[in-house]
Amino acid sequence: MKDLISQLFHQRFATTPVFYASSGRINLIGEHTDYNGGFVFPGAIDKCIMAAINVNGTDKVRVFSADLQQYTEFGLREEDAPAEQWARYIFGVCREIIKRGFTVNGFDTVFAGNVPLGAGLSSSAALESCFAYALNDLFNENKIDKFELAKIGQSTEHNYCGVNCGIMDQFASVFGKKNCLMRLDCRSLEYEYFPFDPQGYKLVLVNSKVKHELVDSPYNKRRQSCERVAATLGVETLRDATIDMLNEKKDLVSEEDYKRAEYVIGEKQRVLDVCDALQRSDYETVGRLMYETHHGLSQQYEVSCEELDFLNDIAKECGVTGSRIMGGGFGGCTINLVKDELYDHFIQVAKERFNEKYGHEPIIIDVVISDGARRCD
Ligand code: GAF
């Protein structure tokens with residue numbers, strides 16, 4: 001990828017760029033808990049967005065997307081927002097840096113990526129984090145701390161892309177560390193690295209290829225449900241709610257909001273239980289909790305879809321240790337914790353059965369837990 005964008009950069013801009021990259025992410029457990037002040041347990045992966053960038057001495061950003069083969073340019077004032085959705089991620093990052101009193105001047109860039117789009121692997125957070133990291137290095141002597149870089153990406157989603165997301169994806173992309181998952185407390189922002197190398201197991205994603213699109217999706221509505229319930233219970237976020245508190249006010253919340261909150265309260269505890277189980281190398285418990293999360297996301301939070309439920313059922317039938325829908329939902333991947341000896345069988349059955357039913361094979365993505373945002377000299 002570096003060679004490709006290097007070549008394209010020289011052809012288009014004829015100067016010498018610096019290279020930066022940031023990663024997509026997986027999340028072992030802790031879904032839709034981040035904007036509820038709960039815990040998440042993600043890790044960065046070996047699929048990334050990479051950009052070649054050089055300062056151009058103007059007040060314009062000139063950008064070429066190698067994957068889309070599209071070029072655009074924009075200024076750095078609020079009214080200069082580009083029309084192209086993909087460019088708004090970069091524009092948003094520039095604006096959020098400027099709004100915080102830091103510097104962004106004109107630059108040229110070519111970028112590309114291998115994070116599958118719409119699969120729930122946070123290609124957009126990888127793009128935001130790549131540029132936030134790069135612009136901090138190029139224009140601000142790295143004075144912006146890493147959490148602020150993650151928040152710059154999150155505010156970009158809120159203010160320029162229409163997704164009222166939590167902090168998990170940008171956190172994972174910025175803070176990712178090779179072979180480690182990270183437990184983040186989204187209320188205090190304390191985090192801890194957990195080495196993750198499950199002996200005798202593989203982590204594999206099965207991408208249904210059902211389009212995952214969070215913009216204008218029911219994602220924002222899920223968040224609103226949670227906020228309504230928190231307000232009814234008199235707590236800031238559902239992090240501070242218990243199932244007893246929810247049951248006490250059951251009559252005051254709609255049936256739908258009740259289900260959403262019940263899921264979030266359960267998921268909050270499941271993350272902690274998975275972390276404990278991992279420390280004992282108790283993968284059976286990790287897997288059981290992953291299935292519980294899937295059930296909750298499907299039946300209570302209602303962010304699954306027929307294809308992902310089908311993949312989850314196949315995993316169960318094949319004896320896969322843990323399986324669940326991953327990410328925001330409404331399509332994308334399942335994440336599966338599979339014993340080495342079952343791996344080939346599971347993949348074969350998942351491909352065949354899915355193909356029989358939906359007319360195409362799912363995409364198998366093996367995952368390597370990797371570093372997050374970085375300069376690539
Ligand atoms: C999406 C969001 F961007 C995250 O903040 C998080 O809420 C996730 O869905 C669900 O856990 O990836």
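# A tour of a two-domain model

The centres of domain 1 and domain 2, taken over C-alpha atoms, are separated by 25 Å. The model on your screen is predicted. Colour the two domains first: domain 1 covers 2–196 + 371–375, and domain 2 covers 201–367. Then select the contact between them, to which domain 1 gives 27 residues and domain 2 gives 39 residues. On the domain 1 side, pick out β1 (18–27) and β2 (39–40), each of which supplies at least two residues. Sorted by class, the side of domain 1 that touches domain 2 has 13 nonpolar, 11 polar and 3 charged residues.

**The whole protein**

Zoom out and show the cartoon. The protein has 11 helices and 13 strands. Along the principal axes, its C-alpha trace spans about 60 × 50 × 40 Å. How does the radius of gyration of the protein compare with that of a compact globule? For 377 residues a compact globule would have a radius near 21 Å, and the protein has 21 Å, so the two agree.

Of the 377 residues, 49% are buried. Among contacts with a separation of 6 or more, 72% are between residues 24 or more positions apart.

**The nonpolar core**

In soluble globular proteins, nonpolar side chains tend to be buried together. Here the largest nonpolar core has 105 residues. Select Ile-49, Ala-51 and Cys-130, which have the most contacts inside this core. Next select helix α3 (residues 123–139), which gives the core its largest share, 10 residues. Where does this core lie relative to the two domains? Domain 1 and domain 2 both give residues to the core, so the core lies between them.

Stay with Ile-49 and show what surrounds it. Leaving aside neighbours within four places in sequence, Ile-49 is in contact with Ala-21, Ser-22, Phe-111, Gly-113, Val-115, Ser-123, Ala-126, Leu-127 and Cys-130.

**The ligand**

Select the ligand and then the residues that surround it: Glu-31, His-32, Asp-34, Tyr-35, Ser-122, Cys-165, Gly-166, Met-168, Asp-169, Gly-327 and Gly-328. Colour this shell by class, and it divides into 3 nonpolar, 5 polar and 3 charged residues.

**Val-206**

Go to strand β9 (residues 201–207), where Val-206 has its place. Is Val-206 buried or exposed? Val-206 has 28 other C-beta atoms within 10 Å, and the cut-off for a buried residue is 20 or more, so Val-206 counts as buried.

Move to helix α6 and select Ser-225. This serine is buried, with 21 other C-beta atoms within 10 Å. Not counting residues up to four places away in sequence, Ser-225 touches Glu-256, Asp-257 and Arg-260. Draw a distance from Ser-225 to Ala-261: the two are 36 residues apart along the chain, and 7.8 Å separates their C-alpha atoms.

Then select Gln-269 in helix α8 (residues 255–279). Gln-269 has 14 C-beta neighbours inside 10 Å and therefore counts as partly exposed. A distance drawn from Gln-269 to Pro-42 comes to 16 Å, C-alpha to C-alpha, for two residues 227 apart in sequence.

Most residues other than glycine have a negative phi, and most peptide bonds are trans. The last two stops have a positive phi.

Select Ala-14, in the loop between α1 (2–13) and β1. Ala-14 is not a glycine, but its phi is positive, at about 55°. With 8 C-beta neighbours inside 10 Å, Ala-14 counts as exposed.

Finish at Lys-209, in the loop between β9 and α6 (218–233). The phi of Lys-209 is near 65°, again a positive value in a residue other than glycine. How exposed is Lys-209? There are 18 other C-beta atoms within 10 Å of Lys-209, so this lysine is partly exposed.

Terms used
Residues are numbered from 1 along each chain as its sequence is written. This is a predicted model: local features need pLDDT of at least 70, side-chain atom pairs count only at pLDDT 80 or more; totals for chains, interfaces and linings use all residues. A residue is near a molecule or strand if its C-beta atom, placed from the backbone, lies within 6 Å of it. Ala, Val, Leu, Ile, Met, Phe, Trp, Tyr, Cys and Pro count as nonpolar, Asp, Glu, Lys and Arg as charged, and the others, Gly among them, as polar. Helices (H or I, at least four residues) and strands (E, at least two) are DSSP runs, numbered from the N terminus. The radius of gyration is taken over C-alpha atoms; the globule rule is 2.2 Å times the number of residues to the power 0.38. A residue is buried if 20 or more other C-beta atoms lie within 10 Å of its own, exposed if 12 or fewer, and partly exposed in between; C-beta atoms are placed from the backbone. Two residues are in contact if their C-beta atoms, placed from the backbone, lie within 7 Å. A nonpolar core is a set of buried Ala, Val, Leu, Ile, Met, Phe, Trp, Tyr and Cys residues joined through C-beta atoms within 7 Å. Domain bounds come from an automatic or database domain assignment.
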